[in-house]
Each structure stands twice: as C-alpha cells, then as structure tokens.
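Q: I'd like to learn how to read a structure like this one, feature by feature. Can we walk through it together?

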Amino acid sequence: MQNFQPEEVIVEDGSKGGPIYQNLRRALPQVPFRFVDNIASANGIANDSRDSFGSAKKKLYLGKHKGEFLKKCPGSEGQVCCNYFVINFASNCPMDCSYCYLQEYLADNAALKVFSNVGDLIDEADAALKKHRGVFFRIGTGEITDSLALEPYTGMVREILPYFAEQPNVLLELKTKSDCVDTLLDLDPKGRVVVGWSMNPQRVIDADEHATASLTARLTAARRVQDAGYRLGFHFDPMIEYPDWEIDYRAMVEQTFATVDWRKLSWVSLGVLRDTPGLKRTMRERFPRSQLLTGEQVLCPDGKLRYYQPLRVAMYRQMVGWIRQAAPTVKIYLCMESREVWEQVFGYAPSCEKELGNQLGNLAF
Ligand code: SF4
C-alpha cells in the first residue's frame, strides 16, 4: 500500500502523551504536529472545494472519542444479517476506493480521525464481554475505517489486541485492503483474532481501489499473519461485473487458495457492488472515469443499488463453484443479500441472524 504521509497531525488537548500520540510521533518524525483545544472545532477539515472528501484524508486528527465505541452492526434492511458488532477506533481511511460508502456516510464529518482514549475502549468492551459471558461476540473494527491501514503509524491494534486475545467469548476481526501487518507478527492472538482481506482482481484494484495494496501484497501479508498464528478470512466483495470478469475472478480465487493454507480459513464472504443514488453522484464527481458508473443496477428495498438479481445469483454461483474447486470445505456466506438470493445460490438461507452469527463464530475455531 502507498505510504501515508499526512500534511499535519492535529492533536486535541488531553490526547498528548498517550500511547497513540507517542506512536505517531515516532512513526511520523517529518510531519508537523499542531495542538488544539478541540478537534471538532479545529479548522482545515475538508476545505478544498474541488474534492473536500479527498482533502480530508491528507490531515490526521487525534482526539478522544466521546460516544460509545462498541455498537451492533446496523446491517441492511431486509437482508440476512450475520449478527456482528463493531468497534470504531478511527474514522475515515487513508486509502481511496471509488466505491467507498464512507464518501456518503461521512460526507459531513470527513476528517481522518484516530481516537486516543484506548483505555475507555477496553473498559467498555470489558464491561460488555463480562456482563454477557454466555454470548459470543464477533467484533469488527473496519466499519468506518480500514482496520490496519493506519497501524504502522498509530499502533492501535497492537495496543488493544492483547486484551481481546485473553477473552473467552470474543472473536476480533480486522478487515483490510492494506498489507500493514508488521506490528501484529510478534503478538500472540490466542486464536481470538481473524484478519480478513477484502479481495479483488488486480485490474479492479488498479482502476478503483486507489492507494491500496496490490493483490499479491495482500496475499503475502495474509500468509505472514497465518504463519504467525492468526485466523484468516477473505471477503470477495465488492464483486464487479465487466467483460470477461470471470477470467480475472477465477484466477484471483486460484491465487488466493494456492497462497494460504485454506484448511485453516475461518470464512469467505461474497458480495456484489452496492451503492446508492447519492454515492453514485459523488463517484461521478470524484471518479468520473470509473468503470463502476456504467454497469446496470436496480434499486433494492433497502435503498441500495445492486446488479439485477439473476446476474447476482449467476455471479455468486460461479464464484462458489471456483472456491469449492480450490478449497472444498471452506465456509462461504453472502454479505447483505436477501433470503431469496441465499436460497438460489446455496439451496437454503439461515433461519435468523443469530444462526448465521453462531455458525461463523463456531467455524472460526
Ligand atoms: S479501504 Fe475500505 S474504508 Fe478505505 S477507502 Fe477503500 S472501501 Fe473505503
């Protein structure tokens, strides 16, 4: 992945001196640091009128998170949900995929932020995990940021991972399109951490996943963390349809399962391109030459645009077939799809979100 060199780091009062601040100072010695009372009122966020969202990625803010860290994943109305929780330790992402939903979700709050109050995060998670020892939590950190893209600078995952590794009722998922795994390799995840890579063929990465790691770099990183004792997941998502997409996707599937030990994979998910009319408008402004703007999509009941259903089912069936050939026993699930599509692809649909969540929780071990 491209090196991240922000124009400046803006630090809120009260965040100076903590571990994340120290890590940033060490990792970014050439970058100016500015200190402010409150990052919410600091100037300079998204002030480039031509591409305010892109400009927001060039400065890094460090401040306290004032709300709750742990939340249930909102899922998508009418789609089969996998009963997932999220912890947001940062907001926005230094990479820049043309289809990224954060362009719409964070449009009014686009600053690239990292939260400094790691102790509060752990206290909150600890209270929830201890209060519900009978519940198994799958917790992801990649809902409004990439889990690992900022890791070489913030060391955030290194700070929190040892706590989660000790808990009996949790699986922490780090989802990424980066290859930033160096800080993880000497930690012991104790079977409690899955590193999940979002995967696409190199042609899609070159066209629409700007500043992310190459396909080969993602796979090399995946093998390294697997060898270091981490569990692995792969998310073939968002799948993009274009002429001869089958050739690229089949080759990617084969390369993936030839690189890692697929017998030890926790899961594989599939999902097609999803966007909204609002996100499409932003994509047209920011990435007018993207191939993603030309495909035909239909508006689904959850307000998202997707390829029409027969095409989605055909794409999923082909992917499932290639995955089964390369990795016959790996667990595959669909992300944000209707029961109807599940039934057409697999011949069944999970009876409820708990069933899918439990299956994935059990499969990870
Ligand atoms: S890596 Fe993920 S969070 Fe970052 S820009 Fe791409 S889609 Fe968005």
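Q: How many bridges join E10 to E11, and do the two strands run parallel or antiparallel?
A: Start with the general idea: strands of a sheet pair through backbone hydrogen bonds, either parallel or antiparallel. Keep in mind that what you see is a predicted model. Here, E10 and E11 run parallel and are joined by 5 bridges.

Q: What joins E11 to E13?
A: Again 5 bridges, and these strands run parallel. Look for Val195, which stands opposite Leu232 in E13. Leu232 also has a bridge partner in E14, namely Leu265. E13 and E14 (residues 265-272) run parallel, with 6 bridges between them.

Q: In what order do the strands of this sheet come?
A: Trace it as E4-E5-E9-E10-E11-E13-E14-E17, an open sheet of 8 strands with mixed pairing. At the edges, pairing on one side only, are E4 (70-72) and E17. Ignoring direction, neighbouring strands here are turned by 25 degrees against each other on average.

Q: Which helix lies across E11 and E13?
A: That's H8, running at about 170 degrees to E11.

Q: Is Thr212 buried or exposed, and why?
A: Thr212 is buried because its relative accessible area is 11%, and the cut-off for buried is under 20%. A polar atom of the Thr212 side chain lies 2.7 Å from the backbone oxygen of Glu209. Beyond its neighbours within four places in sequence, Thr212 is in contact with Met1, Met95, Cys97, Lys177, Ile205 and Arg218.

Q: Which residues are around the ligand?
A: Cys93, Met95, Asp96, Cys97, Cys100, Leu102, Asp146 and Lys177. Sorted by type, this shell has 5 nonpolar residues, no polar ones and 3 charged ones.

Q: What is the strand order in the sheet of 5 strands?
A: This open sheet reads E2-E1-E3-E8-E6, with mixed pairing. E2 (33-36) and E6 (90-91) are its edge strands, each pairing on one side only. E6 and E8 (residues 112-115) run antiparallel, joined by 2 bridges. Within that pairing, Ser91 has Lys113 in E8 as its bridge partner.

Q: Which strands does H1 lie across?
A: Helix H1 (residues 19-27) lies across E1 (8-12), E2, E3 (59-63) and E8, and runs at about 150 degrees to E2.

Q: Where is Asp186, and is this residue buried or exposed?
A: Look in the loop between E10 (170-176) and E11 (193-198). Asp186 counts as exposed because its relative accessibility is 57%, and exposed means over 50%. Its side chain makes a polar contact with the side chain of Arg158, at 2.7 Å. Asp186 also shows how sequence and space can be read side by side: Asp186 and Val225 are 39 residues apart in sequence, and 9.8 Å apart in space, C-alpha to C-alpha.

Q: Which residues have a positive phi although they are not glycine?
A: As background, most residues other than glycine have a negative phi, and most peptide bonds are trans. Lys190 has a positive phi of about 50 degrees. This lysine lies in the loop between E10 and E11, and counts as partly exposed because its relative accessibility is 44%. Met336 has a positive phi too, of about 55 degrees. Find Met336 in the loop between E17 (332-334) and helix H12 (339-346); with a relative accessible area of 23%, Met336 is partly exposed.

Q: And for peptide bonds, which one is cis?
A: The one from Asp237 to Pro238 is cis, with omega near 5 degrees. Pro238 lies in strand E13 (residues 231-239).

How values were computed. Residues numbered from 1 in each chain as written. Predicted model: local features only at pLDDT ≥ 70, side-chain atom pairs only at ≥ 80, totals over all residues. Heavy atoms only, no water. Near = heavy atom within 4 Å. Nonpolar A, V, L, I, M, F, W, Y, C, P; charged D, E, K, R; others polar. Pairing = 2+ DSSP bridges. Helix = DSSP H or I, 4+ residues; strand = E, 2+ residues; numbered from the N terminus. Contact = heavy atoms within 4.5 Å. Axes fitted to C-alpha atoms, helices over the stretch in contact; angles between N-to-C directions. Buried < 20%, exposed > 50% of the residue type's maximum accessible area, 1.4 Å probe, protein only. Polar contact = N/O pair within 3.5 Å; in protein donor to acceptor, adjacent residues only side chain to side chain.
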